[in-house]
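Here is a short report on one protein model. It covers a sheet, the helices on it and a group of charged side chains.

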Amino acid sequence: ETIRSHRYQSDWKEQIGLPTDKEFIALFPGSRQGEIQRHVLLQLQAAAQLKQNHPHLIFAISCAHENLQENLYHLIQQGPLRLNEDLYVVPPHYHY
């Protein structure tokens, strides 16, 4: 029922500032606080290594729930990628 009533937003990339003319790699750190704590820094380090070898790459990281956003942003700031340049956060209300 939820899927049937969902309305796809075709301009979701523009709404979060993700360049529409570039391909991106999606990162999914998890939907629970513990998963994010364990996964996100490792995923960001791997993304940074990929970016070193392929400077054109950009990344989109999924935030599964609003209550996880603050911690996710804090962890992103500790990582090597620049927010809204190398890495874009896809907030919960844009998940499909």
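## A buried charged pair

Which residue forms a salt bridge with Lys 51, and how far apart are the closest N and O atoms? The partner is Asp 86, at 3.5 Å. Lys 51 belongs to helix α3, while Asp 86 sits in the loop between α4 and β3, so the contact ties together parts 35 residues apart in sequence. Both residues of the pair are buried. The model is a predicted one.

## The salt-bridge network

The structure has four salt bridges. Asp 86 also meets Arg 82, with N and O 2.8 Å apart. Asp 86 has a relative accessibility of 4%, so it counts as buried. Salt bridges with shared partners link Lys 51, Arg 82, Glu 85 and Asp 86 into one network.

## Helix α3

Helix α3 covers residues 33-53, which makes 21 residues. From first C-alpha to last it reaches 31 Å, close to the expected 30 Å. The helix has a kink of about 35°, centred on His 39.

Which residues of α3 are buried? They are Glu 35, Ile 36, Val 40, Leu 44, Ala 47, Ala 48 and Lys 51.

Three strands make an open sheet in the order β1-β2-β3, with parallel pairing. β1 and β3 are the edge strands; each has a single partner, so one side of each lacks a neighbour in the sheet. Neighbouring strands are turned by 25° against each other on average, direction ignored. Four bridges join the parallel strands β1 and β2. Across this pairing, Phe 24 stands opposite Ile 58 in β2.

α3 packs on the sheet and touches β1, β2 and β3. Its direction makes about 165° with that of β2. α4 lies across β2 and β3, and runs at about 170° to β3.

How values were computed: Residues are numbered from 1 along each chain as its sequence is written. This is a predicted model: local features need pLDDT of at least 70, side-chain atom pairs count only at pLDDT 80 or more; totals for chains, interfaces and linings use all residues. Side-chain values use heavy atoms; hydrogens and water are left out. Helices (H or I, at least four residues) and strands (E, at least two) are DSSP runs, numbered from the N terminus. The expected span of a helix is 1.5 Å times one less than its number of residues. The bend at a residue is the angle between axes fitted to the seven residues ending there and the seven starting there. Buried means under 20% relative accessible area, exposed over 50%, partly exposed in between (1.4 Å probe, protein chains only). Two strands pair if DSSP finds at least two bridges between them. Axes are lines fitted to C-alpha atoms, for helices over the stretch in contact, and angles run from 0 to 180 degrees between N-to-C directions. Contact means heavy atoms within 4.5 Å. A salt bridge is a side-chain nitrogen of Lys or Arg within 4 Å of a carboxyl oxygen of Asp or Glu.
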